[in-house]
Amino acid sequence: MDNEYLKKPMPSEEKQNDFYQKLRTKVQNWVDSKPGVVGTVSGYVLFAPDLFHLLTRMMLDSRIDAKSKAAVGAGIMYFIAPIDFLPEILVGPGGFLDDVVVAVFVINTVLNKFPKEVITEHWAGDDDLLDLVKKVSNSGNKYVSKLPAGRLVKRFTK
């Protein structure tokens, strides 16, 4: 990557929100087109755009230290990496399931270091962030706990 690319300004807030809304719509349409097939997994997949948005906002927050931002950056990279445990290119938005597990692990780690308000003020989702983190973290859901990303996260949280 050359320095000229790095000097470009970030997209405007309007463009960022437009991308976020388009991603939410895409995931919602995918879930709506798979009733019964996706089942309980869809509840987790729907959080992917909100969690990605939260991670990107956390990267821009000057109150979050560099070490925590490194973990947040790793979570963002996992979302956008073309190859992961469930690649979106092969399974569509259902591939966000492992991304959600990794994002929740990162967010939970940061929540343990900072006052919850520092993180929750960036949350754009409809559900309560802390309830979501608890739900995914403590999930006995057969889909999430069977994912390689889920098993990997459990190793780090023991």
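A salt bridge here is a side-chain nitrogen of Lys or Arg within 4 Å of a carboxyl oxygen of Asp or Glu. This is a predicted model, in which local features need pLDDT of at least 70 and side-chain atom pairs count only at pLDDT 80 or more, while totals for chains, interfaces and linings use all residues. Residues are numbered from 1 along each chain as its sequence is written, and side-chain values use heavy atoms, without hydrogens and water.

**Salt bridges**

The whole structure holds five salt bridges. Three of them are tabulated.

| Pair | N to O distance |
|---|---|
| Arg 63 and Asp 61 | 2.7 Å |
| Arg 63 and Glu 121 | 2.6 Å |
| Asp 65 and Lys 113 | 3.0 Å |

Arg 63 lies in the loop between α4 and α5 (66-80), and Glu 121 in the loop between α8 (116-120) and α9 (129-137), so their pair ties together parts 58 residues apart in sequence. Asp 65 lies in the loop between α4 and α5 and Lys 113 in the loop between α7 (96-111) and α8, so this pair ties together parts 48 residues apart in sequence. Helices are DSSP runs (H or I, at least four residues), numbered from the N terminus.

Burial is set by relative accessible area: buried is under 20%, exposed over 50%, partly exposed in between (1.4 Å probe, protein chains only). Asp 61 is buried at 6%. Arg 63 is partly exposed at 41%. So are Asp 65, at 30%, and Lys 113, at 46%.

**Helix α4**

Helix α4 covers residues 48-59; its 12 residues should span 16 Å at 1.5 Å a residue, and its end C-alpha atoms are 17 Å apart, which agrees. The expected span is 1.5 Å times one less than the number of residues. Of the 12 residues, 10 are buried, so α4 is largely enclosed by the rest of the structure.

Note on methods
Helices (H or I, at least four residues) and strands (E, at least two) are DSSP runs, numbered from the N terminus.
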